[in-house]
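This briefing concerns the links between side chains in one protein model. Please consult the sequence and the structure shown below while reading.

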Amino acid sequence: MGDYDEDTAFLGQTGPYFWTTFFLLNTVFVSTGFNGLYIVFVGAAPKHHCLIPDVNLTEDWKNAIIPHTIVDGEEVQSQCSRYRLDVVRNLSAEGYVPGRDVNLTNLEKEGCLDGWNYSKENYQSNIVTEWDLVCDNEWKVPFASSTLFVGYLVGSLISGQLSDRFGRKKVVFISLAAQCVSVLLQSFSHSWRMFCIMFLFVGASQISIYISAFVLGTELLSKTMRVIFTTLGAFLFYCIGYMTLPWIAYGIREWRTLLAVLSTTAVVYIPLWWFIPESPRWLITQGRVDEAEAIVRAAARKNKVEAPPVIFKETEAMPASKTYTMLDILKSKNIRCITLMCLILWMAINIGYFGLSLNTSNLSGNPFMNCFLSATSEVPAYVVSTWLLKKCPRRALLSSFLVIGGGLLLLIQFIPDSLQYVALALEMTGKFGFTMAFSIVYIYTAEIYPTVLRNVGMGMCSSAARIGSITAPYVIYLGTYNKVLPYILMGSLTIASSVVNFFLPETLNRDLPETVEQMQECQGLCSGSKKKKYVEEGGRGNPPIQREAKPDVQTLTP
């Protein structure tokens with residue numbers, strides 16, 4: 001077949017068809033926003049202490065049976081131990097007064113043998129209170145969070161193959177149905193293990209929705225609309241869902257009901273099946289040209305333009321091109337080195353981004369408002385990054401926001417407890433920096449790799465991102481030992497990655513490389529020494545090729 005964009009140029013760049021498709025597809029991303037991070041509330045640990053059974057104790061001993069301990073310089077009730085109940089009961093019966101007749105530090109302690117008493121200030125129930133995921137079982141919460149991101153990894157590996165085989169539209173709606181069923185079944189979980197297994201399916205279906213809808217949008221929309229869709233539309237509508245989540249959770253404090261309500265929201269997407277078309281590009285690759293033409297003619301009628309008698313013209317078949325794999329990346333020292341640095345970048349950014357997203361329930365203040373502020377901080381980040389990418393060098397831009405995000409996290413440890421709102425402001429500003437870096441690194445990485453390796457390179461970086469997100473819950477878990485430890489680790493890792501980024505080649509105002517040889521012309525730490533050799537030879541021979549600028553790089557899709 002000929003060039004699709006040329007064959008469908010008569011549709012124009014905008015019009016009712018493109019705008020309708022744009023908004024309908026973007027509504028799909030709302031579901032990924034509020035189904036992605038509900039673990040922030042479902043897995044939050046309320047204030048708790050050992051449950052004291054109804055035994056005959058004096059009021060003084062009821063108040064004294066829970067030991068006090070120092071946590072982050074503050075004296076609080078122990079969450080995982082109590083004084084031995086049989087000893088305390090005997091002392092109470094004999095009339096001893098704690099602190100006066102008995103030195104409490106000499107009393108033997110025991111674990112919470114009768115369970116825990118949880119505060120219901122923020123949550124009526126969640127998986128922590130239902131299955132006692134505290135103290136020795138506290139590790140099960142970050143493990144549950146990680147299963148979501150393991151699902152992301154699995155879904156990102158198979159969704160592309162499924163959409164290539166069965167079509168973009170079918171995979172989008174099948175994934176929506178799978179997400180609905182998975183979240184609903186998760187709300188009926190009878191154990192922590194079942195919750196984790198279903199969370200894996202939630203993650204796989206969710207990332208499949210995102211990737212398939214993203215690809216469908218880039219293939220259905222015109223070049224002008226595609227730019228808006230890939231740089232702002234998908235991200236902003238995801239933020240709408242993310243900002244909606246804390247208000248739904250605020251109104252529904254019981255975790256099973258919350259998940260059931262979230263799952264049923266997928267019902268609103270059923271009518272979209274009759275309004276969102278299949279990708280004509282994919283239909284053409286499957287030899288279903290008549291179906292593709294029918295979709296394009298329907299689009300022409302909506303845009304009120306006349307379609308030509310024959311839309312897709314046959315052309316001479318092109319010879320089969322070489323298929324590139326990960327082995328081709330390993331063959332070249334230059335590409336190996338660049339890829340290693342890209343993997344470090346993607347891992348560091350995802351650890352920081354998802355670490356801060358998951359940490360909102362641990363911050364001082366209202367957890368629902370903290371989550372909303374965290375989501376709101378992403379909106380200006382996506383808008384500003386889209387504007388800056390048009391004119392700013394990628395390397396300096398990405399490093400700047402990595403330093404902002406990481407540097408502010410490192411400052412949090414110096415904020416006194418009396419200024420918690422300052423610490424909260426620093427964390428939200430840090431989240432802004434990570435979101436900026438998150439959106440920039442997609443475009444930057446796609447511009448570095450040549451066309452023949454771009455999908456392979458982006459796939460490897462995406463896998464590294466998934467590993468980073470799987471690690472993020474455990475980084476936040478370190479806060480149970482010291483509340484500033486996660487900030488120090490994320491901040492240090494981000495600052496280190498900003499230094500690594502300076503050794504990558506600059507891509508602003510350069511043509512996208514088409515071949516491996518063109519990629520190696522980029523000047524960075526890992527690049528070849530063509531320019532150096534040219535200088536050493538006194539300018540003899542051909543200088544390194546400098547290609548003319550093509551600034552319209554926003555049409556790249558992650």
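The link of Cys80 and Cys135 is left-handed, with -95 degrees about the S-S bond. Cys80 lies in the loop between strand S3 (74-77) and strand S4 (82-83), and Cys135 in the loop between helix H6 (127-131) and helix H7 (140-166), so the pair ties together parts that are 55 residues apart in sequence. This is a predicted model, in which local features need pLDDT of at least 70 and side-chain atom pairs count only at pLDDT 80 or more, while totals for chains, interfaces and linings use all residues. Residues are numbered from 1 along each chain as its sequence is written, and side-chain values use heavy atoms, with hydrogens and water left out.

**Disulfides**

- A search of the whole structure finds 2 disulfides, a disulfide being a pair of cysteine sulfur atoms within 2.5 Å.
- In the disulfide of Cys80 and Cys135, the sulfur atoms are 1.9 Å apart.
- Cys50 and Cys112 also form a disulfide, with 1.8 Å between their sulfur atoms.
- The torsion about the S-S bond of Cys50 and Cys112 is about -65 degrees, so this disulfide is left-handed.
- Cys50 belongs to strand S1 (residues 48-50) and Cys112 to the loop between strand S5 (109-110) and strand S6 (116-118), so the pair ties together parts that are 62 residues apart in sequence.
- Helices (H or I, at least four residues) and strands (E, at least two) are DSSP runs, numbered from the N terminus.

**Exposure of the cysteines**

- Buried means under 20% relative accessible area, exposed over 50%, and partly exposed in between (1.4 Å probe, protein chains only).
- Cys80 is partly exposed at 37%, whereas Cys135 is buried at 15%.
- Cys50 is buried, with a relative accessible area of 0%, and Cys112 is buried at 11%.

**Salt bridges**

- The structure holds 11 salt bridges, a salt bridge being a side-chain nitrogen of Lys or Arg within 4 Å of a carboxyl oxygen of Asp or Glu.
- Arg84 forms one of them with Asp86, the closest N and O atoms being 2.6 Å apart; Arg84 is partly exposed at 26%, and Asp86 is partly exposed at 30%.
- Arg168 meets Asp164 in a salt bridge at 2.7 Å, N to O; Arg168 is buried at 8%, while Asp164 is partly exposed at 43%.
- Arg168 also forms a salt bridge with Glu219, with 2.9 Å between the closest N and O atoms.
- Arg168 lies in helix H8 (residues 168-187) and Glu219 in helix H9 (residues 192-220), so the pair ties together parts that are 51 residues apart in sequence.
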